[in-house]
Amino acid sequence: MIKNRRYFIVFFMLLVAVLSTAATNRICSYGIKQGLPDNTVNCIAQDNRGFIWTGTSNGLAQFDGMFFTLFRYSNNETTSISNNNVHSLLSTNHGMYIATDYCVDYYNYKDSKFHRCQIKSRHKVGNSFISLVSTSKGVFVFDDKGGLYRSDADKTQFVHIPTTAPVLAIASSGDRLFVVMSRGVAMYTADGSKVLSSVDVNIASSSQINASYSHNMHRLYVGRGVDGRAQAFAVTRNHLQAIDEDLPKALKAACDYDGGVAFATDGYGVVLRRNGIDLRLTESKDHICGDAVYSLFADRGGNMWIGTYRKGLTLYGARRALFSTLSEQTNTLPYDLVTAVAAQADNIYVGMDGGGMGVYSISNKSMTTYTSANSGIWGDNIVSMTADQHTVWMAVYNKGLTAYDIATRRFSNYTLPLVSKRGDVIWTIADDGNGNLWIGGRDLFVFNKLTHQFRVVPQFTGALCQMLCYRNGYIWFGNDNGVYKINRSTLRTVKHYSTSTPDMALPSNKVRYVYADSKGRVWVSFRYEPPCCIDEKAGKVYTNLTEHGLGSIIVTGIVESSHGYMVFSTNNGLYFYYPENHAFMRCDLDNSMPMAYNYGACYADGRRYYFGSVEGLVMADDMSLMNNSLYKDVSLGRLNVTDGRSINLGSNSEGEVTLQSNENYFTINFSVPEYNVPRAIHFSYYLKGMENTWNEITDRREASYTNVPPGSYEFMVRSTDLSGRWTNASVLRITVLPPWYLTWWAKTLWLLIIIGVAYACFRLYMRVIKMRHRMEIAEVEKESQRKLDDAKMTFFTSITHELRTPVFLIAAQLEEFIDRKQSIVSIPSAYLMAMHRSALKINKLISQAIDFRKIDQGKLQLKRQSIDVVKFVGELAGDYDDLLDQKHIDFATVMPEHPVMLSMDGEKVEMCLNNLISNAYKYTLNSATL
């Protein structure tokens with residue numbers, strides 16, 4: 001009897017453990033509204049980087065915890081998935097196999113493309129491929145005609161494997177292949193070449209037949225869906241044996257989960273079996289998305305994914321829900337505005353601003369409320385609270401101090417001394433651990449909990465205390481003049497920190513919240529400036545908290561966990577703080593969690609911590625946090641160009657793309673696989689070559705750029721892990737090509753065109769210069785011709801004049817003879833000689849005219865000879881004596897007496913002298929001297 005009772009106690013404890021664990025597991029559901037391609041989820045898998053893939057009746061999707069990336073068949077893309085109805089998924093080291101209605105596709109993680117697999121068989125291949133499994137020797141798939149095919153891992157060619165009957169389902173243990181056929185179940189070697197063991201079972205052919213192997217249970221489960229009863233087979237090394245095991249009806253799938261096995265049923269939810277105990281998860285009781293479960297998958301993080309028929313996808317988290325809330329909405333709190341909280345033993349004491357005090361029993365899950373209407377509490381506006389083993393002490397706004405006796409449940413009220421204008425103004429209280437309460441308001445008081453006597457701290461009369469905190473013998477006091485460190489025994493200020501403190505100046509004096517932690521640091525929040533941390537040991541004030549992940553400048557409360565981390569409440573959510581790497585992580589990004597928290601409304605007792613908000617009380621068990629991330633870097637998703645083109649980057653950490661010049665407006669998607677707190681992840685990125693600083697984001701997982709100039713860039717992105725540390729940066733190398741008119745060959749062409757144009761302009765300029773020069777030459781030639789014509793006229797005029805002179809001389813002498821009127825005239829020899837010289841002169845003048853023509857034709861040549869100039873000039877001058885006598889010109893020739901010999905052309909010189917003497921005769925007046 002005692003033995004049976006012990007077994008019952010053990011069984012009961014296990015049952016309680018299972019039920020309590022199941023009750024607190026985090027459950028999230030996803031459907032079409034959240035981005036799932038279809039609400040009927042046929043299969044689920046996880047790739048090598050941790051992303052969850054879901055195969056549906058209308059496409060394939062990759063999920064990172066927040067967003068779904070869809071893959072569907074496209075007529076325009078030869079590398080898209082072959083069909084949208086996905087039956088089975090299988091992830092390998094380098095890719096993902098997808099069984100569809102059309103064929104088997106292989107998605108290569110490296111090139112991010114879908115490749116059609118070849119099926120080689122002598123028999124006719126089916127139209128649809130049903131299920132995929134892998135062993136240590138390859139990948140197996142069977143079609144709707146019962147044909148079985150095998151391929152080497154990460155290869156795209158399948159060959160037919162002969163079986164004794166059409167295949168209805170397959171499963172794998174890694175080193176063994178299990179094949180369900182109409183004649184029974186067989187266990188094959190890993191390569192499918194040999195049957196190791198078989199069991200004859202009559203299994204009617206049906207599309208509902210399914211097979212799953214459990215490593216935890218060493219069982220092969222064969223289900224018949226809604227058509228029949230499931231069957232279990234015990235598996236040893238080389239032996240398969242049918243066993244009688246109670247299995248859920250309408251079995252659709254099974255997978256290992258949390259040391260046991262999970263069963264998916266068609267219409268009855270999910271059954272978790274561990275240590276012989278079954279726990280059923282249903283839509284109505286546990287809020288999974290549906291009871292008709294078609295697929296189950298346990299990921300590497302310990303989460304279970306539940307795929308349903310027409311109801312979507314459910315995440316059954318390995319990590320139980322961290323936070324819970326007491327609120328008006330859940331009927332667990334009478335008033336949502338929680339401004340104070342404390343805890344003792346099994347009870348939580350909740351102070352509300354307008355709702356009095358509530359006492360919540362954790363074990364009974366019941367709330368008792370005390371207000372000024374139903375108890376002796378002084379007022380309903382409780383602004384601060386602390387508790388010891390026997391008493392809960394409350395600051396009641398505009399009333400004073402109230403004590404609640406935990407044992408008797410009676411209230412006692414204490415009036416503050418009237419020091420300044422209003423002594424009842426009280427905002428904060430703190431227990432100094434030495435039997436005293438420190439009370440801050442318009443003034444500062446010390447209240448003895450035994451004698452119930454108040455003591456005024458004179459230094460802070462009228463100081464308007466905002467917050468009090470006790471740690472290690474000192475009270476930390478904050479107001480509009482900074483932070484004061486007060487010795488609890490002497491009541492004297494030991495240190496005052498403000499904006500004017502040398503080497504440790506605060507960013508502001510307007511202090512709103514102060515918390516001294518167990519490491520000797522003091523955290524200070526201000527009205528308008530970002531918070532800071534005073535580290536007295538280091539002698540520094542740290543003001544860059546928001547650069548380490550804190551998403552709000554208004555800190556309203558801080559508690560310390562016994563596991564080393566801290567929790568900060570703000571007006572924009574809750575944050576974990578990890579002192580070892582000085583990082584903040586958002587921890588309450590759940591749509592059901594409050595966002596705004598009240599000043600000082602926080603408490604920790606080593607078992608739990610509590611925060612008061614404007615939407616109720618938030619509490620969580622003080623436990624170690626799961627900081628193991630599935631990722632080491634950020635996965636690059638897609639690059640979308642504004643013209644509609646989308647480039648799949650394959651979820652890799654490195655990539656390279658080339659964009660055309662008109663594709664310089666683009667958006668890059670990136671992500672990490674995190675399913676428990678996906679919105680807590682921080683991302684930062686920058687485009688090297690265009691930006692110099694990191695851009696930080698949280699909710700968005702994309703970066704957009706516009707009008708990126710041509711060139712080469714590196715897009716770098718990183719994220720925080722679950723402990724707030726930054727991961728290694730992932731790099732996408734982007735080349736934006738220049739427009740055709742800015743390419744190197746176009747630039748070369750432009751240079752050649754410019755050179756050509758410059759040369760043409762130069763040639764044109766030179767041509768103009770030459771034409772202008774020719775015109776000038778023509779003008780000069782014209783002028784020269786005119787002058788030449790004038791010279792010719794002058795010459796002929798001169799020649800005429802010269803001809804007249806000898807003719808005149810001859811005529812004058814002949815006239816003299818004629819005037820004698822003699823038939824025979826005797827002529828002196830001098831006359832004959834003169835006439836002869838005149839005739840010769842005429843002949844010379846005619847020769848000169850001929851020579852002038854020669855000059856015009858460029859044929860005139862000088863005939864030089866040695867001539868006595870004295871004799872030559874004397875003979876020439878003598879010819880003009882008679883002519884000059886007619887004008888009574890006194891003509892004299894002055895020459896040397898001795899001969900002067902010159903080499904010259906006598907005719908040309910004679911012409912010059914004749915011209916000179918003729919001009920002299922012409923322009924000399926009568927009776928003049930020449």
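How many bridges join strand S7 (residues 95-100) to S8, and in which sense do the two run? Five, and they run antiparallel. This is a predicted model, where local features need pLDDT of at least 70, side-chain atom pairs count only at pLDDT 80 or more, and totals for chains, interfaces and linings use all residues. Residues are numbered from 1 along each chain as its sequence is written, and side-chain values use heavy atoms, with hydrogens and water left out.

View 1. Strands here are DSSP runs (E, at least two residues), numbered from the N terminus, and two of them pair if DSSP finds at least two bridges between them. S7 and S8 make a hairpin, with three residues between them. Look for Met96, which sits opposite Tyr107 in S8.

**View 2. On to strand S9.** S8 also pairs with S9 (residues 113-116), antiparallel again, over four bridges. Here Tyr107 faces Phe114 in S9.

**View 3. S8 from both faces.** Val104, Tyr106 and Asn108 point one way, Asp105 and Tyr107 the other, and all are buried (under 20% relative accessible area with a 1.4 Å probe, protein chains only). Since five of the five residues of S8 (residues 104-108) are buried, the strand is largely enclosed by the rest of the structure.

**View 4. An open five-stranded sheet.** The strand order is S60-S66-S65-S62-S63, with mixed pairing. S60 (654-659) and S63 (695-697) take the edges with a single partner strand each, so one side of each has no neighbour in the sheet. Neighbouring strands are turned by 20° against each other on average, direction ignored (axes are lines fitted to C-alpha atoms). Inside the sheet, six bridges tie S62 (residues 683-688) to S65 (residues 711-719), running antiparallel; Leu687 has Phe715 as its bridge partner in S65.

**View 5. A cluster of rings.** Phe666, Phe670, Phe683, Tyr685, Tyr705 and Phe715 form one aromatic cluster. The whole structure holds 53 aromatic pairs (rings of Phe, Tyr and Trp, the last by its six-membered ring, with centres within 6.5 Å).

**View 6. Charges over rings.** The charged end of Arg718 sits over the ring of Trp694, 4.1 Å from its centre. Lys252 does likewise over Tyr294, at 4.4 Å. To count, NZ of Lys or CZ of Arg must be within 6 Å of the ring centre and within 35 degrees of the ring normal.

Key. Buried < 20%, exposed > 50% of the residue type's maximum accessible area, 1.4 Å probe, protein only. Axes fitted to C-alpha atoms, helices over the stretch in contact; angles between N-to-C directions. Phe/Tyr/Trp six-rings, centres within 6.5 Å; stacked < 30°, edge-to-face > 60°.
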